[in-house]
Amino acid sequence: MSAAELETTAKAMVAEGKGILAIDESSPTIKKRFDTINIESTEENRRAYRDILITAPDCNQYISGMILFDETIRQATSDGTPFPKALIDQGIMPGIKVDTGAKDFANHPNEKVTEGLDGLRDRLAEYKSLGAKFAKWRAVITIGEGIPTQACIDANAHALSRYAGLCQEAGIVPMVEPEVLMDADNTIETCYDVTERTLSTLFNTLYQQDVAYEHTILKTNMVISGKQCPTQADVQTVADMTVKCLLNTVPASLPGIVFLSGGQSAELATAHLNAMNKTYPDLPWPLSFSYGRALQEPCLNAWSGKTENVEAATQALLHREKCNSLACTGEYSADIES
Ligand code: 5MM
């Protein structure tokens with residue numbers, strides 16, 4: 001694949017009014033999600049659920065790509081069409097999660113470093129042959145007493161950069177995801193400081209390793225109050241501080257930035273994205289979404305593992321996709337929720 005094709009893929013991922021649906025839960029995470037609706041995490045149940053997400057009619061109006069898990073990229077729809085082909089037939093790009101998970105970081109209690117570089121060159125070649133156009137790697141940065149350490153941020157930035165270089169070599173667009181977790185009791189100001197330090201380290205390291213910014217997509221957290229913080233910043237403050245942080249750290253040549261939802265409610269994740277795009281329509285990059293939970297939760301609950309609920313689940317998914325599509329251009333209003 002030429003540089004021009006990488007550029008085309010990256011731009012298409014963040015085409016106006018479109019975002020990415022993250023359905024790349026690893027086996028332990030999808031089990032956690034299924035536990036909430038009392039469904040056993042069997043291979044067939046995972047396939048049936050992902051079938052709903054992948055084949056929702058006309059979702060290509062809102063969705064440019066979906067991130068798959070290794071098992072999912074090898075599965076097929078109920079009528080036997082391989083999932084990657086079912087996506088490509090709708091004009092949606094298949095993506096793939098290529099990290100192998102966040103593991104304990106040696107000598108650094110309560111911190112994680114993401115693994116998955118061993119054999120990655122060969123795995124990327126296989127995923128490409130299966131139709132993958134982009135690949136995601138998630139690093140986890142935890143806020144707490146004395147953490148994150150710079151050592152943890154550096155180790156994760158280094159791994160992200162090595163994976164991103166291998167992706168571009170393979171003709172696959174890297175979607176680099178450094179996630180500052182929002183589960184603690186920190187203020188929004190602490191989230192700002194940690195996110196700024198994480199992103200500036202990441203882009204310096206990408207530069208040192210000659211990763212082309214113009215063929216890279218950033219998937220990041222919003223700058224937000226920790227879930228347990230007694231004072232929760234309002235929507236406009238989240239929008240203002242997130243945009244300020246991105247302007248201070250992200251090169252203008254990046255084709256686009258997408259957000260993870262990180263445990264925000266579905267409606268709040270949409271409202272935050274909308275406020276950013278409404279207040280700041282002339283940023284150097286499109287701001288879009290790559291939510292997992294904030295797109296899937298209403299759909300998963302509506303489905304509850306029952307065939308007779310597939311239509312309701314599909315409608316719940318399409319509704320969230322439409323809301324977030326509108327938020328990409330600042331045209332969302334909470335009125336359309338009712
Ligand atoms: C969909 O979940 C993804 C996979 O997570 P695990 O490897 O932990 O199973 C996850 O990387 C996801 O893409 C991002 O965290 C964004 O999802 P949310 O739910 O935070 O929007």
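This is a predicted model: local features need pLDDT of at least 70, side-chain atom pairs count only at pLDDT 80 or more; totals for chains, interfaces and linings use all residues.
**Entry 1**

I began with strand 6, which covers residues 134-141. How many of its eight residues are buried? I found seven, so I noted the strand as mostly covered.

Next I looked for its pairing partners. Strand 3, residues 93-97, pairs with strand 6 in the parallel sense over three bridges. Strand 7, residues 173-180, also pairs with strand 6 in the parallel sense, here over eight bridges. Then I followed the chain onward: from strand 6 it crosses through helix 7 (residues 150-170) to strand 7, a β-α-β crossover that is right-handed. A reminder to myself while viewing the strands: in a regular strand the side chains alternate between the two faces of the sheet.

**Entry 2: helix 3 against helix 11**

I then turned to helix 3 (residues 43-55) and helix 11 (residues 293-303), which pack at an angle of about 125 degrees. Their axes are 11 Å apart. The two helices are therefore oblique to each other, since the roughly antiparallel class takes angles over 145 degrees and the roughly perpendicular one runs from 65 to 115. Their crossing is right-handed. On the helix 3 side I listed N45, A48, Y49, I52 and L53, and these meet Q296, C299, L300 and W303 in helix 11.

**Entry 3: helix 9 against helix 10**

Which way does helix 9 cross helix 10, left-handed or right-handed? Helix 9 passes helix 10 in a right-handed crossing. Helix 9 spans residues 235-249 and helix 10 spans residues 266-279; they pack at about 60 degrees, with axes 9 Å apart. That angle makes helix 9 oblique to helix 10. For the contact I wrote down V235, Q236, V238, A239, D240, T242 and V243 of helix 9, together with L268, A271, H272, A275, M276 and T279 of helix 10.

**Entry 4: F203**

Last, I picked a single side chain. F203 lies in helix 8, residues 188-208. Is F203 buried or exposed? Its relative accessibility is 3%, so F203 counts as buried, the cut-off being under 20%. Leaving out residues up to four places away in sequence, I found F203 touching Y213, L218, T249, V250, P251 and L254. I also checked F203 against T42: they are 161 residues apart along the chain, and their C-alpha atoms are separated by 39 Å.

Conventions: Residues are numbered from 1 along each chain as its sequence is written. Side-chain values use heavy atoms; hydrogens and water are left out. Buried means under 20% relative accessible area, exposed over 50%, partly exposed in between (1.4 Å probe, protein chains only). Helices (H or I, at least four residues) and strands (E, at least two) are DSSP runs, numbered from the N terminus. Two strands pair if DSSP finds at least two bridges between them. A crossover is right-handed if, with the strands pointing away from the viewer, the path from the first strand over the helix to the second runs clockwise. Axes are lines fitted to C-alpha atoms, for helices over the stretch in contact, and angles run from 0 to 180 degrees between N-to-C directions. Angles under 35 degrees count as roughly parallel, over 145 as roughly antiparallel, 65 to 115 as roughly perpendicular and the rest as oblique. A crossing is left-handed if the near helix is turned anticlockwise from the far one by less than a right angle, and right-handed if clockwise. Contact means heavy atoms within 4.5 Å.
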